[in-house]
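Please read the points alongside the sequence and the coordinates.

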Amino acid sequence: MSQPDREARETVSADNFREVIRHLASGVTIITSMSQGTPVGMTATAVCSISATPPIILVSLTTTSHTAGGVQHTGAFAVHLITDSGKQYAEQFASKGDHFQGVSYQTDEVTGVPVLNDVLGHFVCRVEQSIPVADHILFVGRVVRCELKIKEPHPLLYFDRSYRKISPVSEAKAGNLEPWGSTQDSGLPGWGFF
Ligand SMILES: Cc1cc2nc3c(=O)[nH]c(=O)nc-3n(C[C@H](O)[C@H](O)[C@H](O)COP(=O)(O)O)c2cc1C
């Protein structure tokens, strides 16, 4: 098969891609940083846990966003997990308006990034690598601090273009399986849940 034929057969349209990817349920986060003395931040679902030792998180930000500019400038960012009562936060940080209006936060003493108060938990990260991919930049961050702020957390999710909550049926199955290691509860290797 010729190169052009192969490329034609191995390409999907953006619409086709979106139709499928929007069914990947994601946790909703807000990523913050500083840009020339001004706090910046955005709602983001493109967040991925990479490694626990060392603790590494990956985020993917649109190159032209204020937040990506801030992260590049500061070399640090914070990732906040949002509770299922924080839909307004998610909407505000994705809007064209002032993202920080009425938002309570503190400044991380070491990195200088804004850390939001009314969230489920957060990670403060130092950028270890920046990788441009298409119209995004992947920031690989070493977690320098993290905190779970709510004992029985209920996270906000995003699925099929809507904000969602976890339903009781999925809570009931979680048991005590740990994705990062312990297999003794299930007797199965790795992800014994399946
Ligand atoms: C549910 C949801 C998830 C989003 N996830 C991302 C993401 O992972 N990366 C990204 O660059 N933009 C994402 N966006 C879009 C940004 O939140 C939006 O463009 C924001 O206004 C950018 O702000 P800024 O230019 O001030 O940084 C998402 C929006 C929504 C509603």
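1. Two strands are taken as paired if DSSP finds at least two bridges between them. Helices (H or I, at least four residues) and strands (E, at least two) are DSSP runs, numbered from the N terminus. The model is predicted, so that local features need pLDDT of at least 70 and side-chain atom pairs count only at pLDDT 80 or more, while totals for chains, interfaces and linings use all residues. Residues are numbered from 1 along each chain as its sequence is written, and side-chain values use heavy atoms, with hydrogens and water left out.

2. Seven strands form an open sheet in the order 3-2-6-9-10-5-4, with antiparallel pairing. Strand 3 (38-44) and strand 4 (47-52) are at the edges; each has a single partner strand, so one side of each lacks a neighbour in the sheet. From one strand to the next the twist averages 30°, where axes are lines fitted to C-alpha atoms (for helices over the stretch in contact) and angles run from 0 to 180 degrees between N-to-C directions.

3. Helix 3 (residues 66-74) packs on this sheet and touches strand 2 (29-35), strand 3, strand 5, strand 6 (76-81), strand 9 (121-133) and strand 10; contact means heavy atoms within 4.5 Å. The direction of helix 3 makes about 55° with that of strand 2.

4. Strand 5 (residues 55-62) and strand 10 (residues 136-148) run antiparallel and are joined by seven bridges. Ser60 has Leu138 of strand 10 as its bridge partner, Thr62 stands opposite His136, and Ile57 stands opposite Gly141.

5. On the pairing of strand 4 with strand 5, the sense is antiparallel, over five bridges. The two strands are joined by a hairpin through two residues, and Ala52 has Pro55 of strand 5 as its bridge partner.

6. Strand 9 pairs with strand 10 in the antiparallel sense over twelve bridges. Their hairpin has two residues between the strands, and Ala134 in the turn has a positive phi of about 50°. Cys125 has Val143 of strand 10 as its bridge partner.

7. How many disulfides does the structure hold? There are zero disulfides, a disulfide being a pair of cysteine sulfur atoms within 2.5 Å. Cys146 is in none, and the nearest cysteine sulfur, that of Cys125, is 8.8 Å away. Cys146 counts as exposed at 53% relative accessibility, whereas Cys48 is partly exposed, with a relative accessible area of 35%. Buried means under 20% relative accessible area, exposed over 50%, and partly exposed in between (1.4 Å probe, protein chains only).
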